[in-house]
Amino acid sequence: MPDLRLLLADLTSGDEARAEATVSGFAALGGEALNDLVGLLAAADPDRRWWAARVLSALAGEAATAALERALRDPEPAVRQCAALGLRHHPSPKIVRSLCSALSDPDRLTGRLAGDALIAVGPGATAELIDLIAGAGPAAKIEAVRALAGIQDQRSIPALYALLDDPSTLVQHCAE
C-alpha cells in the first residue's frame, strides 16, 4: 500500500515527473486520499490545484466527480481545463448542468473540453443542451451544437435542423 504522505510530498514537489508518477499510487489508495486531494483544490498555488484535479481524474466514484465539478469554477483556466478533461472520464448525467455552464467559459479550451465531456455523458445531456442553445452566446452555442452532433441522439434532430439557417457558419456546419 502506497504511503499517502510520500505521495502528497511528491505530488506537491514542483517536479512534474515526480508528480505524474504519483497518479497510480493515489489510484491504488482510492478514497483514502480523497480528503487530502479535495483540500489541495483549495490551495493558493494553482499548480497544486491542477495536480489535485489531475489525480482526481484518475479516481473513481461520485466524490471525485463532485470535486472535479467544483474545480470547473476555479479561477485558473488550466485547472478548469484539467477538471473538464477529467470529467470526460467520469460521465454522469448529474454533472450536465455544470458542464453546460462551462461551455460559456471565457477560456475556449475549457469550453471545448466541457463539450467533449458532454458527448461522453451521451443522451443524458441532450435535453439540457437543446434548452441551452436558445439563449447561449456564440461560442457556447457552437460547443453545444457540436456536443449534440457528437451525441447523435435523435431527439436533437429538430433543434439541429432549425440551426441550419443560423447566422454562424460554424453553428451551421456542426448542425449539418
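**Two helix pairs in close-up**

**View 1. Helices α10 and α11.** Helix α10 (residues 126–135) packs against helix α11 (residues 138–151) at an angle of about 150°, and their axes are 9 Å apart. The model is predicted: local features need pLDDT of at least 70, side-chain atom pairs count only at pLDDT 80 or more, and totals for chains, interfaces and linings use all residues. Residues are numbered from 1 along each chain as its sequence is written, and side-chain values use heavy atoms, with hydrogens and water left out. Helices are DSSP runs (H or I, at least four residues), numbered from the N terminus. Axes are lines fitted to C-alpha atoms over the stretch in contact, and angles run from 0 to 180 degrees between N-to-C directions. α10 and α11 are therefore roughly antiparallel (angle over 145 degrees).

**View 2. The contact of α10 with α11.** The crossing of these two helices is left-handed (the near helix is turned anticlockwise from the far one by less than a right angle). Thr126, Leu129, Ile130, Leu132 and Ile133 of α10 make the contact with Ala140, Lys141, Ala144, Val145, Ala147, Leu148 and Ile151 of α11 (heavy atoms within 4.5 Å).

**View 3. Helices α7 and α9.** Helix α7 (residues 77–88) and helix α9 (residues 108–121) pack with axes 8 Å apart, at an angle of about 15°. α7 and α9 are therefore roughly parallel to each other (angle under 35 degrees). Their crossing is left-handed. On α7 the contact residues are Pro77, Arg80, Gln81, Ala84, Leu85, Leu87 and Arg88; on α9 they are Leu109, Thr110, Leu113, Ala114, Asp116, Ala117 and Ala120.

Note on methods
Parallel < 35°, antiparallel > 145°, perpendicular 65-115°, else oblique.
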